[in-house]
Amino acid sequence: MSSADPERHPATPLQQVMVLDSLREPGTGVNIQQVVFDLPHEVDPERFQAAWSRLLAENDALRARFHIGDGDPAVTVDFPARTQPVPVQSFEWRGSSKARQQALFESFLEADRTTDFEPAVPPLLRATLIELAPGQHRVVCTFHHAILDGRSYAELIDRLMVCYERPDAKSASAEAPPYEAFLRWLSERDVEQSRAHWAVDLGGYEGAELLSHLGPPSAASGKGHETLAITLPPVIAERLRAFCDEHAVTANSVMQGLWAILISRIADVEDIVFGAIVAGRKGHVEGAEDTLGMFINTLPMRAATGGQE
C-alpha cells in the first residue's frame, strides 16, 4: 500500500455477509436496496447531478470500496477521496398513460434491482430520474445495503434535497463524524473480551432449531424473502400501548417476547435464541446518530420461556 492509498479497515460483520452474499448470488438483487420518492416540480438535471456529487464528497460511506481476500477478515473496506460520479440516468414517460407508466416502472424496478454493483468500484450507488408529467418527477435511489442502513435512507434523501434546493446551505453531513471513525472504533475493540461475553451469554445452549420448513419453498432453499403486513385492530393497538407504558418497555421488546414464545411452541423447546437487529450507533462515536453508513448488527437474543406465558 502506497502512502497515497486510503487506510483499510475490516468491514463490519454484517457488511462482510452482505458483500459476500451478493457475490455468491449475482443477478438476484440480494442486498440491493431501492428508495423511491416523487418530486412535484421541475428538476434541473445538472443541479441534480451536482447535488449527488456534493453528497458523495461529504459522506465517506457513499465512497466505500470493498476488497475481498482469503484471510480474516475476508472483506476489508476503504474510502477513496475521489470516485466516479454517481451514475444518473433519465427517462421521459410523460406521453404514456398512467397504466403504461406503472408497467414501465415495475419493469424498471425489477431490472434495476437485479443489476449488480461491483464491490471494488465505488460508488455502490446510482440514481434514476423519471419525468411522469410536466412538473412531476419520480426518483429512484439504488444502492448496496452494505453502505447504508435503514436509518440512513430518509436522511440521505433529505440531504440530497438540501444540496439540490439550497446548494450554498451548510449540510448536516459536514457536521457529522465520518463513517470511518466508527470502523476505527470497531477495529480497536477487544475481540477476546467479546468472545468471552458471548460464551457466557450463550453457555449451555444446545443448538438451533431451524424453522425454514414452515415457510414457502423459497425459505427451504435459504433464498428469497416474504413480507407480511398486519394491521392491529384499534382496541388491540391501544392495549399494547397501555401495556408498554405500564411496564416501561417498547413495542419491539413485546414483539420479541411474543416471537420467542411462538418459536418455543413450534419447536417444543424452552431455550430460544434468535437474531435481533440493533441500531449500533449510540455510545460508540460521538455524533454518529447523524452519520450516513451501515451501523446495524444482528445479535443473538436468548429467551428462556420455561413454559410460562
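What is the order of the strands in the open sheet of four strands, and what pairing does the sheet have? In this predicted model, local features need pLDDT of at least 70 and side-chain atom pairs count only at pLDDT 80 or more, whereas totals for chains, interfaces and linings use all residues. Residues are numbered from 1 along each chain as its sequence is written, and side-chain values use heavy atoms, with hydrogens and water left out.

The order of the open sheet is 2-7-6-5, with mixed pairing, where strands are DSSP runs (E, at least two residues; helices are H or I, at least four), numbered from the N terminus, and two strands pair if DSSP finds at least two bridges between them. Strand 2 (32-39) and strand 5 (88-92) stand at the edges with a single partner strand each, so one side of each lacks a neighbour in the sheet. The twist from one strand to the next averages 15°, with axes fitted as lines to C-alpha atoms (for helices over the stretch in contact) and angles running from 0 to 180 degrees between N-to-C directions. Strand 5 pairs with strand 6 (residues 125-133) in the parallel sense over five bridges, and Phe 91 stands opposite Ile 130 in strand 6.

Thr 12 lies in the loop between strand 1 (9-10) and helix 1 and, at 5% relative accessibility, counts as buried (under 20% relative accessible area, with exposed over 50% and partly exposed in between; 1.4 Å probe, protein chains only). Residues up to four places away in sequence not being counted, Thr 12 touches Tyr 179, Phe 182, Leu 183, Leu 186 and Met 294, contact meaning heavy atoms within 4.5 Å.
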